[in-house]
Amino acid sequence: MYMPVPAHPSQISPPSPFPKIIPSLQSPSLSIPPPIPPVISNSSKITEKSRCPLTMSPSTLVVRFGDPFTVNCSVESVRFHTLIWDVSLESPEPSMNQYLAWSVNSMTEWDIKPACYALSDQEAACHLILSLIVYKPPDSVSISIANHSGPMLEGHQYTLQCTVQDVAPIGNVIVTFYRERTALHRLDSRKTGKTPVNESFTLNINPSKDDNGVQYWCEAKLDLGAEGPQPPPVVTSQNLTAEVLFGPQLLCPEKLQVREGESLSCEVKGNPEPLVTWFKDGQVVSLPTHLSRKHAGKYTILVDYGLIGQKNHTLEVEVLVGSGTTNFCNRHFLLAALLIQTLTCCLDDLLHLL
């Protein structure tokens, strides 16, 4: 059964599976009886232009889900009298021209294999399959510590987890973990699905006291090649501020020499801030702000770090005679007297000249 060509070639006909009976094209000599002749196809490895001179523009289509697009199929040889798009979405009517556009108002399919066919009365038909990628950037990207909440302990291993939500195709996603502005590691997915999925990427870390307060974050880049959007879509996570608990670090020698009038102290670091208690002769003492000879002797420093434990340190203090605050004041007094004397001499010389 044959049907006349519609008045407007751009009119969209309902999709139907291929092969199918091609409508007559007004010229009886050009009618195509079923079934379709054997097909010669162009492949990515061998393209025989002389036998199947089909081309597509663009040759590779990268389209965002829901966006419109147009692909033109053209044939260079007059030996092929009819062009057909075999597609399941908004299929155009066959055309006797040397080109046929496939236009879609909104891409609503994830897995589709469009093909353009060229038919001839003199030889086998040929076809070309469009390389098509339908993509969707992630809805969101988040970072967390897997199976853990709260502060981390120094020297323990933890797993950073970057979760990418509702992205396609997952095989084109590249995830990068960052510590502040430094890239730590780059990962990609081994999945090959075309529809949107969620996936988590992980990275093991061993935090130290230097990591306390730093920010970790991750990003997901959808790399679709040269034919895709430039620059590639990138979605970043929120910042994860690391809280690292580390044991007390006591910056204090075993022997300490100080001068009279100076203060006694040792630097203690830790997170949380440890409780420090000083002992002398078994008694709790307050640190003097102005040392004298009576403050010499052995001290014990007890650093209490709560659940992590305690640490003791013995310090022998030797108090040296002189200097300290007294010498400090004396030095300033001498400098002030010298300055006054210099100004007086200069003033006398000036008055003498006048």
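Author: The torsion about the S-S bond of cysteine 73 and cysteine 116 is about -90°, so this disulfide is left-handed. The sulfur atoms of cysteine 73 and cysteine 116 lie 1.9 Å apart; a disulfide here is a pair of cysteine sulfur atoms within 2.5 Å. Distant parts of the chain are linked by this pair: cysteine 73 belongs to strand S4 (residues 69-75) and cysteine 116 to strand S7 (residues 115-119), 43 residues apart. Strands are DSSP runs of E with at least two residues, and helices are runs of H or I with at least four, numbered from the N terminus. Cysteine 73 is buried, with a relative accessible area of 0%, and cysteine 116 is buried at 0% as well. Buried means under 20% relative accessible area, exposed means over 50%, and partly exposed is in between, for a 1.4 Å probe and protein chains only.

The model is predicted: local features need pLDDT of at least 70, side-chain atom pairs count only at pLDDT 80 or more, and totals for chains, interfaces and linings use all residues. Residues are numbered from 1 along each chain as its sequence is written, and side-chain values use heavy atoms, with hydrogens and water left out.

Another disulfide joins cysteine 52 to cysteine 126, with an S to S distance of 2.2 Å. Its torsion about the S-S bond is about 85°, so the disulfide of cysteine 52 and cysteine 126 is right-handed. This pair also links distant parts of the chain, 74 residues apart: cysteine 52 sits in the loop between strand S1 (39-41) and strand S2 (54-57), and cysteine 126 in strand S8 (residues 125-129). Cysteine 52 counts as buried at 0% relative accessibility, and so does cysteine 126, at 0%.

Cysteine 252 and cysteine 266 form a further disulfide, S to S 1.8 Å. Cysteine 252 lies in the loop between strand S19 (244-251) and S20, and cysteine 266 in the loop between S20 and strand S21 (267-271), so the pair ties together parts that are 14 residues apart in sequence. Cysteine 252 and cysteine 266 are both buried.

The count of disulfides comes to 4. With bonded cysteines counted along the chain, the pattern is 1-4, 2-3, 5-6, 7-8.

Strand S20 also belongs to an open sheet of 5 strands with mixed pairing, in the order S20-S25-S24-S22-S23. Two strands pair if DSSP finds at least two bridges between them. The edge strands, each pairing on one side only, are S20 (255-259) and S23 (283-285).
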